[in-house]
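Here is a brief report on a two-chain model. Keep the sequence and the 3D view open while reading.

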Amino acid sequence: MNTFEATRLVAAREIRVKLRDRTFLISTLFFLLIAAAATILPPMLSGGPSTVAVTEAAAGPLRAAGLEVLAVPDDTAAEQAVRDGDADAAVVAGPAVLAMNDAPGDVVSALSSEPPVRLLNPDAVDPVVAFLVPFAFAFIFFITSQTFGVQIAQSIIEEKQTRIVEILVAAVPVRALLAGKMLAGTILALGQIGLVALVAVAGMAFGDSGGLLSLLGPAIGWFLPFFLLGFVLIASMWAAAGALVNRLEDIGGVSMPVQLAVMLPFFAVIFLNDNATAMRVLSYLPFSSPTAMPLRLFTGDAAGWEPLLSLVLLLVAAAGFLIAGARVYEGSLLRTNGRTSISTAWRERETLG
Amino acid sequence: MTTVLRLDGVDRSFGDRQVLKNVSFDVAAGRMTGFVGGNGAGKTTTMRIILGVLAADAGQVTWQGQPLSREVRRRFGYMPEERGLYPKMSVREQVTYLGRLHGLSAEAARRGTDALLERVGLAERGDDLLETLSLGNQQRAQIAAALVHEPEVLVLDEPFSGLDPLAVDTVVAVLRERATAGAPVLFSSHQLDVVERLCDDLVIITDGAIRAAGSREQLRSAYTMPRFELVVESDAGWLRDQPGVTLVDLDGARAVFDLAPGADEQPVLRAALERGPVRAFRPVSPSLAEIFREVNQ
């Protein structure tokens, strides 16, 4: 049996245990419900064709366009119907379209022959969506890396706390233990957001926001590799933090830097997402690039080569943190008396590997 | 030529403190070797080095003449001093898992687990979560976990600590089986009476250095003066004046005494018979505790 096989066994156990964890199952279900609700409900609520108040004589073309027609005796009654809220719009002699505060596009198009349209900035995004999408990306990365990072730390502490770790280390290489945990965490995290993404895409298709889907598609596509590497980065820190303590109660003290490394980029992306310079910087910094770069791609601000460069930077950072995290893990795994300092863990390379 | 697990000149320091000094001894196949020493003498460090959990600074450990690699060590069974299993996993599942980590196929791990749980009396509780078992049963699960892959070599650090008497008997029986099957078994213990009852060979470590190693009989003859017990009818205080005799214990008509090297016990017996009837006269084997005390002096 080699390291790879051992890694697979360790990862399989972690996943098996997690899939039986009720908290995990319920939280996954909760995310799926949110994803479904967020994509299906808005079009349904805002949906339906406009109601047009119009004299019977002029109703023909409007009916043909599939609009709801409210037949009124004259133009005055039509205007009154709009003012009373009985109709969204009215068509009066002229012809002119009346509406309260929002030009009813579907009524206008029903009455006009439209020239071919060529959009010069097709990616310009509805401001509401432009606010929600960055929030969704940042939120998913924040919650998921937090949840599964903590899970990796907990699993490491459990093995130290119950002392089973010495049996494990005698049987398999330390790096296989760590790799198995990281692999399991990554698979579970990707599995969970994959499911959420699937439900969101299905919801958008079902809720007829096809336009949004085609806009979001590439951003989601880029989000996955960024998410993967960003997760490895955060999870390495959690692994090191977990290895430094011996009891679950002590995790709070060592996890502060990790929490900050997740939290600060989260708020930076949320609050600075309309500041182009700040976003450009954030989209290259390893801790914020997993959310900031897909976002710039979504708003169309990033050139084609930018995500690749950012991804390479993130890869280097993730690899560096993984190596450092593994070293701290190896150096502190068998120190079961109290908390180990990072410098001690760094110097101790006890096991034969 | 017996196959042995051999430690050869093993040194180990933690910082400035040298905890193992040129440690060398053999653990012969098919024999139970007791490993005794005070707290902090280096027993756990030695065992961790055998298992590769710790690296030695110098020296080496070989099994059947081969230096230990991870592949070889994977066929070892190890019970660390500080032990535990996953509280939220069933006994069967985690013993199987440990079997697989030791290189067993899924099928072999399953079979090994079933057989061992039966053997340690846990077959009925196999599917229960470990945390729901009594402490005694958790210890049995621990034994199953150490033995599931039918190890070629067994290294057990304080296997009897915290065990109830029934569990001790189970462990002793299982270890004997493994030894009889040809495995070298090295175990440490604070309970010298248990070691005395169990071990064929003995290794005594003091302050990081091996003070004595060999079969129990060898050590007995090497480390104690010939000792006898004499029971007569009346007070045995006269023994004090016999040449070559050192009284160890005197309780009226019963006396325990050591003979100086080269002195013969027959003149003492004759002297006793001259004074009256002799009810008992026999050599006394020193207990392990006495050997241990003497070695540590």
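Which strands does helix α9 (residues 266–275) of chain B lie across? This helix lies across β11 (227–232), β12 and β14 of chain B. Its direction is at about 170 degrees to β14(B). Bear in mind that the model is predicted.

**The chain B sheet**

The strands under discussion belong to an open sheet of four strands in chain B. Their order is β12-β13-β11-β14, and the pairing is antiparallel. β12 (245–251) and β14 (278–283) of chain B have a single partner strand each, so one side of each has no neighbour in the sheet. On average, neighbouring strands are turned by 20 degrees against each other, direction ignored. β12(B) and strand β13 (residues 254–259) of chain B run antiparallel and are joined by six bridges. Within that pair, B:Leu250 has B:Ala255 of β13(B) as its bridge partner.

**A hairpin in chain B**

Strand β9 (residues 201–206) of chain B runs antiparallel to strand β10 (residues 209–215) of chain B, with six bridges between them. B:Ile204 is opposite B:Ala212 of β10(B). Two residues separate the strands of this hairpin, and B:Asp207 has a positive phi near 55 degrees.

**The chain A sheet**

Chain A also holds an open sheet of four strands, in the order β2-β1-β3-β4. Here the pairing is mixed. The edges are β2 (68–72) and β4 (96–99) of chain A, each pairing on one side only. From one strand to the next, the twist averages 30 degrees. Strand β3 (residues 89–92) of chain A runs antiparallel to β4(A), joined by four bridges. A:Ala89 has A:Ala99 in β4(A) as its bridge partner. Helix α4 (residues 75–84) of chain A lies across β1 (51–55), β2, β3 and β4 of chain A. This helix runs at about 165 degrees to β3(A).

**Chain A as a whole**

Chain A has 14 helices and four strands. Of its 353 residues, 40% are buried. Take the contacts in chain A between residues at least 6 apart in sequence: 67% of them join residues at least 24 apart.

An unreviewed UniProt entry places the feature "transmembrane region" at several spans of chain A, including residues 23–41 and 219–239. Two of these spans look like this in the model:

**Where the chains meet**

How many residues of chain A are in contact with chain B? There are 21, and they touch 25 residues of chain B. On the chain A side, α1 (3–19) and α7 are the elements that give two or more residues. α7(A) gives the largest share, seven residues. By type, this side of chain A has 14 nonpolar, three polar and four charged residues.

**Helix α5 of chain B**

Is α5(B) mostly covered or mostly uncovered? It is mostly covered, with ten of its 13 residues buried. Among the buried residues are B:Gln138, B:Arg140, B:Ile143 and B:Leu147. Their cover comes from both chains: it includes α7 (164–171) of chain A, along with β6 (76–79), α3 (91–101), α4 (106–119) and α6 (165–180) of chain B.

At 1.5 Å a residue, the 13 residues of helix α5 (residues 135–147) of chain B should span 18 Å. The end C-alpha atoms are 19 Å apart, which agrees.

Key:
Residues numbered from 1 in each chain as written. Chains lettered and ligands numbered in written order. Predicted model: local features only at pLDDT ≥ 70, side-chain atom pairs only at ≥ 80, totals over all residues. Expected span 1.5 Å × (residues − 1). Buried ≥ 20, exposed ≤ 12 C-beta atoms within 10 Å, placed from the backbone. Contact = placed C-beta atoms within 7 Å. Pairing = 2+ DSSP bridges. Nonpolar A, V, L, I, M, F, W, Y, C, P; charged D, E, K, R; others polar. UniProt positions renumbered as here; feature names shortened; annotations may be inferred. Axes fitted to C-alpha atoms, helices over the stretch in contact; angles between N-to-C directions.
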